[in-house]
Amino acid sequence: QPLSASLTIQAGQPGPQVNRQIFGQFAEHLGAGIYGGIWVGENSKIPNTRGYRNDVLQALRDLKVPVIRWPGGCFADEYNWREGVGPRAKRPVKINTHWGGVTEPNSFGTHEFLDFAELVGAEPYISGNVGSAPPRELAEWVEYVTSPAGSLASERAANGRKDPWKLPYIGLGNELWGCGGNMRAEYAADVTRRYSTFIKVPAGVRILKSASGPSDEDYHWMEVMMRDAGRYFDAIGLHYYTITKNWRVKGSATVFDESEYATTLQATMRMDGFITKHAAIMDKYDPQKRVWLAVDEWGTWFDTEPGTNPGFLYQQNTLRDAIVAALNINIFTRHADRIKMANIAQMINVLQAMILTKDEKMVLTPTYHVFEMFKAYQDATALPIDVKSPWYSKDGSTLPAVSATAVRGKDGLMHIGLVNVDPNAAVTVTAELAGITAASVTGRVLTAPEINTHNTFDQPTAVKPAAFTGASIEAGKLKVVLPAKSVVMLDVQ
Ligand code: AHR
């Protein structure tokens with residue numbers, strides 16, 4: 001019996017904007033996330049622009065990366081921004097005590113990050129040190145970056161940048177419940193109020209202050225932060241990592257069977273419930289939805305690749321990761337009224353990366369291709385959608401086989417993002433497009449022979465998008481034959 005699903009899309013009832021910031025990235029001083037992945041230095045034999053790898057710059061521009069969070073993560077609450085400005089040769093060499101105990105040369109600091117973000121065309125999101133530095137340090141960092149006048153602006157000019165930068169987002173610490181200081185929610189709320197007080201920007205300049213939010217289902221954290229400190233921030237984070245087994249044994253990124261595949265996808269779908277409940281708490285204190293929910297760390301976390309430094313969190317990326325990415329993007333799109341930013345962990349060479357590099361080689365991962373396929377969702381208008389899907393079950397894991405969202409893009413077209421998680425069966429989807437008369441449909445598909453197919457430096461295109469011919473308009477309805485284990489993006493005229 002072939003599987004079938006049905007959709008109803010209300011094309012005439014525009015919903016909330018799908019902020020482009022939902023497609024944000026996260027780049028931490030961790031492993032080869034910065035050094036080697038972005039920054040190789042001006043004297044490298046790897047082709048570069050002012051020290052940034054040209055291949056990576058181009059790939060990120062092609063992806064239209066909207067925002068990049070930096071410098072951590074856990075690194076952020078140990079970071080002293082002063083050590084990363086001024087002549088590079090004079091910057092202190094520190095130990096990255098959180099990630100691998102390796103030396104941190106501080107060659108990539110504030111100027112390098114903001115210059116890099118400008119080259120990519122992305123907004124910068126600086127995650128400040130709240131855990132181990134006084135409020136003055138963060139206040140002065142913001143002033144150094146944004147002020148047109150004063151001694152910090154003069155220092156900035158002497159260091160090579162006369163004009164202030166735009167700094168749209170500042171993070172008030174990271175994971176204050178853990179590596180950011182092991183605080184209780186009640187204490188963290190007070191700390192957040194305090195640090196927020198001293199962040200000042202010049203008149204007419206906007207900065208969004210983002211609080212360190214809960215992890216997973218820590219609803220107490222959300223409740224206390226919103227209740228006691230909600231007036232002092234404009235966004236609050238949520239961190240949720242998809243792990244297949246447990247934190248000690250997380251499972252291999254590439255060697256897994258269908259049972260593990262299903263467990264991973266079921267785990268990733270928990271994001272939906274977490275957002276629903278956190279958003280309900282936020283609604284209680286902020287019914288106007290002024291405060292953004294920013295999922296500023298998410299993605300798969302597997303065991304590190306054999307032979308690599310365990311502190312570097314380097315993992316491969318397969319078709320399974322692509323499906324995880326698309327499922328989460330659809331979840332964020334469905335919650336676009338409250339989710340206004342998300343930052344996948346992490347952009348390059350760390351966890352669920354877009355890009356892997358090795359010396360002068362670079363490879364785009366299946367996750368990169370999903371972000372690229374969803375580009376038309378950036379700043380699009382979400383459309384209400386009703387999805388009736390069969391279930392996919394394996395060894396006790398169960399989730400809907402089909403995930404779908406629809407938007408009206410800035411280009412005027414309707415775009416429909418579809419996932420079929422079932423690795424063994426195609427699903428025929430019939431969609432009613434209420435409110436428009438569709439004339440034609442085109443699309444692209446991402447799939448591969450196996451659930452663990454991945455791109456390597458020797459075979460960089462084993463997983464890549466292809467033209468999709470399985471969709472048609474029949475008697476005003478959209479008919480799609482979704483291949484097994486696939487992500488499909490449709491463009492409807
Ligand atoms: O992304 C890796 C780490 O995961 C981050 O540094 C931290 O915030 C989280 O626990």
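Phe332 is found in helix 9, and this residue makes a handy starting point for a walk through the structure, which is a predicted model. Is Phe332 buried or exposed? Phe332 counts as buried because it has 26 C-beta neighbours inside 10 Å, and 20 or more are needed for that label. Leaving out residues up to four places away in sequence, Phe332 touches Ile22, Val295, Ile339 and Ala342. The chain also brings Asp272 into the picture: Phe332 and Asp272 are 60 residues apart along the chain, with their C-alpha atoms separated by 8.2 Å.

Arg320 lies in helix 9 as well. Arg320 is a charged residue, and it is buried because 30 other C-beta atoms lie within 10 Å. Once its neighbours within four places in sequence are set aside, Arg320 is in contact with Tyr261, Thr264, Ile451 and Asn452. For Arg320 and Pro384, the separation is 64 residues in sequence and 27 Å in space, taken from C-alpha to C-alpha.

In soluble globular proteins, nonpolar side chains tend to be buried together. Here the largest nonpolar core has 158 residues, and Met225, Ile323, Ile355 and Val402 are those with the most contacts inside it. Which element gives this core its largest share? That is helix 9 (residues 319-334), with ten residues. Both domain 1 and domain 2 contribute, each giving at least three residues to this core. As for Met225, residues up to four places away in sequence are not counted, and its contacts are then Ala185, Ala188, Ala189, Thr192, Ala211, Gly213, Gly230 and Ile236.

The two domains come next. Domain 1 is made of two stretches, 3-10 and 383-492, while domain 2 covers 19-379. Their C-alpha centres lie 29 Å apart. Where the domains meet, 35 residues of domain 1 are in contact with 36 residues of domain 2. On the side of domain 1 that touches domain 2, the elements giving two or more residues are strand 20 (397-400), strand 21 (402-408), strand 22 (414-420), strand 24 (441-446) and strand 28 (486-492). Strand 21 gives the most, with four residues. Sorted by class, this side of domain 1 has 15 nonpolar, 13 polar and seven charged residues.

The unreviewed UniProt entry carries the annotation "domain: Alpha-L-arabinofuranosidase C-terminal" for residues 296-486. This span is 13% helix and 40% strand, and its end C-alpha atoms lie 26 Å apart.

An α-helix has 3.6 residues a turn, so residues three or four places apart point the same way. Helix 2 is followed by Gly121, whose phi is positive, near 90 degrees.

Finally, which residues are found around the ligand? They are Glu28, Gly72, Gly73, Cys74, Asn174, Glu175, Glu297, Ala345, Gln346 and Leu351. This shell divides into three nonpolar, four polar and three charged residues.

Notes: Residues are numbered from 1 along each chain as its sequence is written. This is a predicted model: local features need pLDDT of at least 70, side-chain atom pairs count only at pLDDT 80 or more; totals for chains, interfaces and linings use all residues. A residue is near a molecule or strand if its C-beta atom, placed from the backbone, lies within 6 Å of it. A nonpolar core is a set of buried Ala, Val, Leu, Ile, Met, Phe, Trp, Tyr and Cys residues joined through C-beta atoms within 7 Å. A residue is buried if 20 or more other C-beta atoms lie within 10 Å of its own, exposed if 12 or fewer, and partly exposed in between; C-beta atoms are placed from the backbone. Domain bounds come from an automatic or database domain assignment. Two residues are in contact if their C-beta atoms, placed from the backbone, lie within 7 Å. UniProt positions are given in the numbering used here, feature names are shortened, and annotations may be inferred rather than shown by experiment.
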